[in-house]
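Dear colleague,

Please find the structure below, with the sequence beside it.

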Amino acid sequence: MSIVPLFGIVFGVVSIGSSIHDIIVGQRLRRHGIRVPGVVVGLRRAGRNGVYYPTLQFQTVQGPVVKTESDLGFKPSPVRPGQQVMVVYAPKRPQHVRLDGAGGTGLIHGVLFLVVGAVALVVSLVFAISSWL
């Protein structure tokens, strides 16, 4: 088997798995998370592709102020440092936080990468099977 279909198969499976994880986490936050106002206190640029991870600060309903980075990155960033935003956090783990809204909770991100991963997987499988025949 050529390395190209093998890479596509691995990429497809990893993309699909990551997408499903992002969608599940986002949906849990949408259903069970607590929404509070917060502020963007920083942006971390990761890698050469320029994905930005916002650092968010907010006060929980229990009282403590939390400052933590979202696990969901954006390219380009929809927010800027100093911007007031709504955040949603996990009640038992306030460090697990995302921007509120469809884009911020990972639904759009997850569906997009799910489609990309599925296309890569199907195309790679077709190429791999055709090379075996």
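**Salt bridges, aromatic pairs and a nonpolar patch**

The side chains of arginine 98 and aspartate 71 are joined by a polar contact of 2.8 Å. Please keep in mind while reading that this is a predicted model. The two residues also form a salt bridge, in which the closest N and O atoms are 2.8 Å apart. This pair links distant parts of the chain, since aspartate 71 sits in the loop between β3 and β4 while arginine 98 belongs to strand β5, 27 residues apart. Is arginine 98 buried or exposed? Arginine 98 counts as buried because its relative accessibility is 0%, and buried means under 20%.

Strand β5 itself covers residues 97-99. Arginine 98 can also be placed relative to glutamate 69, which is 29 residues away along the chain, with 8.4 Å between the two C-alpha atoms. Glutamate 69 takes part in a salt bridge of its own, meeting the side chain of arginine 44 at 2.9 Å, N to O. Because arginine 44 lies in strand β1 and glutamate 69 in strand β3 (residues 65-69), this bridge ties together parts that are 25 residues apart in sequence. Both partners are partly exposed, arginine 44 with a relative accessible area of 39% and glutamate 69 with one of 29%.

How many salt bridges are there? The count comes to three. Besides the two described above, aspartate 100 forms a salt bridge with arginine 35, and here the closest N and O atoms are 3.3 Å apart. Distant parts of the chain are again linked, with aspartate 100 in the loop between β5 and α2 and arginine 35 in strand β1 (residues 34-46), 65 residues apart. Aspartate 100 is partly exposed at 29% relative accessibility, and arginine 35 is likewise partly exposed, with a relative accessible area of 37%.

Turning to the aromatic residues, a search of the whole structure finds two pairs. In one of them, phenylalanine 7 and phenylalanine 11 are stacked, with 6.3 Å from centre to centre and 20 degrees between the planes. Both residues lie in helix α1, four residues apart, which is about one turn of the helix. Phenylalanine 7 is exposed, with a relative accessible area of 58%, whereas phenylalanine 11 is partly exposed, at 34%. The other pair is made by phenylalanine 58 and tyrosine 89, whose ring centres are 5.1 Å apart and whose planes meet at 25 degrees, so this pair is stacked. It links distant parts of the chain, phenylalanine 58 being in strand β2 (residues 51-59) and tyrosine 89 in strand β4 (residues 84-89), 31 residues apart. Phenylalanine 58 and tyrosine 89 are both buried.

Which element gives the most to the nonpolar patch? That is α2, with three residues. Leucine 112 lies in helix α2, and this residue counts as exposed because its relative accessibility is 51%, the cut-off for exposed being over 50%.

With best wishes

Terms used:
Residues numbered from 1 in each chain as written. Predicted model: local features only at pLDDT ≥ 70, side-chain atom pairs only at ≥ 80, totals over all residues. Heavy atoms only, no water. Helix = DSSP H or I, 4+ residues; strand = E, 2+ residues; numbered from the N terminus. Buried < 20%, exposed > 50% of the residue type's maximum accessible area, 1.4 Å probe, protein only. Phe/Tyr/Trp six-rings, centres within 6.5 Å; stacked < 30°, edge-to-face > 60°. Polar contact = N/O pair within 3.5 Å; in protein donor to acceptor, adjacent residues only side chain to side chain. Salt bridge = Lys/Arg side-chain N within 4 Å of Asp/Glu carboxyl O.
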